[in-house]
Amino acid sequence: MREEAVFFGEVKSLIGIVTDPPSRNGNHYKPAIILLNPGIVHRVAPGRIYVRIARALAAMGFVVLRFDFSGIGDSPVRYDNLPFDKSTVRETQDAMHFLQTTRGAERFILMGGCSGARVSLQTASCDPRVVGAFLINLQMSEHDDQSSDQISRTAAFYYWNFALFNLKSWCKLLTGTADYRKILRALGFQARRQLPSARKMPPESVQLAAKLRMLAERGVCVAFLYAESDPRLNDLREALGRELRQLRALARVRVEIIPRSDHNFSSLHDQDKLLKKICELIDAITPAAADATIHQRQDWLPRLVEAPTQHGGK
Amino acid sequence: MKPDEKVVPFYFGPPDKRLFACYHEPPLERRRQCAVVVCQPVGHEYINSHRALRQLASRLCDAGFPVLRFDYYGCGDSSGNAEEGRIPQWLEDISTAISEVRRRAGAVQICLIGLRVGGALAMMAVAERADLENLVLWDPVVSGKRYLDGLLRLRKEMLRFRPKPSSTQETLDYVDVLGFPLSRFLQAELKNINLSAIGWSSAKNVLVIQTDQMSDEVDLQEHLSQMDARFEYQRLDAPQIWFPTSDGSLVVPRQILHSIVSWTSRVHP
């Protein structure tokens with residue numbers, strides 16, 4: 001596999017890394033994959049997970065590009081005042097154009113965590129070249145990361161879904177070693193969410209449902225991947241409800257839950273599970289790649305360090 | 001980034017250990033005779049401080065310094081897996097980066113700027129070579145043991161509101177710190193870091209910026225002030241950008257960037 005640093009975009013200001021497969025023989029029909037910034041973190045992503053994803057997918061024969069949007073990571077800011085939600089879609093299209101020109105790719109799978117998932121969905125909705133969108137921990141609202149309730153929300157989700165069933169947590173509660181203030185704040189947050197005004201379907205949900213229906217009709221594979229402990233998973237279920245079940249029945253929309261993981265997949269084990277799931281899904285939606293099994297791609301999973309190596313050190 | 005700043009991303013180094021770098025190239029008419037190599041932290045600290053170090057490079061470039069920001073082997077966009085990270089290799093990478101920036105900028109003088117583990121590596125690199133005259137240490141890891149303890153404390157804190165990993169998920173071969181594997185070899189090498197015991201012959205100018213209240217801060221100050229180098233110490237009330245934030249934001253401490261750029265510009269007029 002080969003990694004190349006590239007420039008592209010209207011003024012060649014977008015910086016990214018293309019990971020090419022070891023050989024493109026027989027792989028020309030495969031869609032290229034583009035990884036989009038998770039929030040404002042640069043193209044390496046937390047835990048270096050984008051690097052691992054790119055290398056794993058390249059080992060399966062895909063061309064993978066991970067790049068920085070303007071103003072994120074190494075790419076400079078734009079000077080045209082285009083709002084972020086528009087510039088990111090345009091720059092994703094620039095990325096597709098670049099891969100079309102330099103690698104001959106005609107179809108694309110977009111993939112991104114957090115806000116990168118939103119951009120993947122928006123671009124997929126407006127560009128017919130996109131045949132797949134992998135939305136990792138999609139946030140329903142553009143501003144939910146800035147919410148002052150974010151910590152209470154995460155804590156509430158944790159208490160309700162995990163601590164409630166954990167003997168150690170109960171022991172802490174009963175022996176006075178628990179953080180009671182945090183628990184009360186989380187309970188208050190949960191209670192507020194049950195109010196009728198908080199349960200109204202926001203306009204974003206209506207738009208999301210419409211986009212998913214449209215993508216399903218177009219034959220685009222949409223996969224939602226959620227960390228089990230990410231409260232956004234609840235948002236998705238609440239926002240789409242029955243609609244989501246219908247869309248899943250069409251087999252074009254999938255919802256995959258990565259068990260015992262958090263929003264940033266901040267352990268190596270979480271990363272392994274996410275990576276494995278992504279590879280399985282890619283195999284499933286691009287059947288021609290199915291000849292390479294997950295088992296054969298163990299080289300990009302964390303290896304045990306076997307022996308000290310000399311690096312000509314000092 | 002200023003519209004006239006040129007940033008070139010590229011790979012360099014030996015074919016089996018390609019390193020990624022961004023070269024910030026100032027306009028020829030403003031170019032100074034000293035090039036800067038930025039030594040980044042590692043692990044989650046690298047991710048959290050990338051934005052600030054990118055802006056630091058941009059400001060230095062705007063002041064006329066050619067700047068090379070690069071990723072060590074097994075880190076960032078460079079080749080290699082994260083569990084392969086080792087200190088001797090990273091020191092070798094710094095040497096490769098110095099040769100690369102000299103080749104590109106033609107500069108004779110080099111200034112190393114290091115943050116956290118990058119600071120410790122920069123100081124170790126200066127101690128090993130006779131051709132590095134200027135050094136900026138930004139909250140360097142002075143005691144490797146203290147640094148490791150801090151990582152483990154942070155790991156515990158970050159695991160509070162998430163499902164706990166089962167004990168079988170880790171091996172004796174590495175410790176998982178926020179998704180970055182710390183091999184037992186790297187742990188042993190990190191434990192041996194003690195900047196207060198490192199001597200050098202070549203450095204002429206040293207700036208230390210500290211935001212972190214450290215128990216061994218005085219030791220480092222005393223150690224550096226006993227050397228022949230012109231030593232400046234700045235204690236700044238600024239955020240510690242390498243820590244994860246609750247809302248996922250990445251902090252850029254303008255005050256520190258300003259201090260580093262103005263010191264570097266003073267030392268290399």
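How many helices and strands does the secondary structure of chain A come to? Chain A has nine helices and eight strands, counted as DSSP runs numbered from the N terminus (helices: H or I, at least four residues; strands: E, at least two). This is a predicted model, in which local features need pLDDT of at least 70 and side-chain atom pairs count only at pLDDT 80 or more, while totals for chains, interfaces and linings use all residues. Residues are numbered from 1 along each chain as its sequence is written, and chains are lettered from A and ligands numbered from 1 in the order in which they are written.

**Chain A overall**

- Of its 314 residues, 43% count as buried (20 or more other C-beta atoms within 10 Å of the residue's own; exposed is 12 or fewer, partly exposed in between; C-beta atoms are placed from the backbone).
- Taking contacts between residues at least 6 apart in sequence, 70% join residues at least 24 apart; a contact requires C-beta atoms, placed from the backbone, to lie within 7 Å.

**Sheet of chain A**

- The eight strands form an open sheet with mixed pairing, in the order β1-β2-β4-β3-β5-β6-β7-β8; two strands pair if DSSP finds at least two bridges between them.
- Its edge strands, β1 (2–8) and β8 of chain A, each pair on one side only.
- β2 (14–20) and β4 (64–67) of chain A are antiparallel over four bridges, and I17(A) has R66(A) of β4(A) as its bridge partner.
- Helix α9 (268–285) of chain A lies across β6 (130–136), β7 and β8 of chain A, at about 160 degrees to β8(A) (angles run from 0 to 180 degrees between N-to-C directions of lines fitted to C-alpha atoms, for helices over the stretch in contact).

**Strand β3 of chain B**

- Six of the six residues of β3(B) (34–39) are buried, so the strand is largely enclosed by the rest of the structure.
- β3(B) pairs in the parallel sense with β5(B) (109–115) over six bridges, with V37(B) opposite L112(B).
- β3(B) also pairs in the parallel sense with β4(B) (67–70) over three bridges, with V38(B) opposite R69(B).

How values were computed: Contact = placed C-beta atoms within 7 Å.
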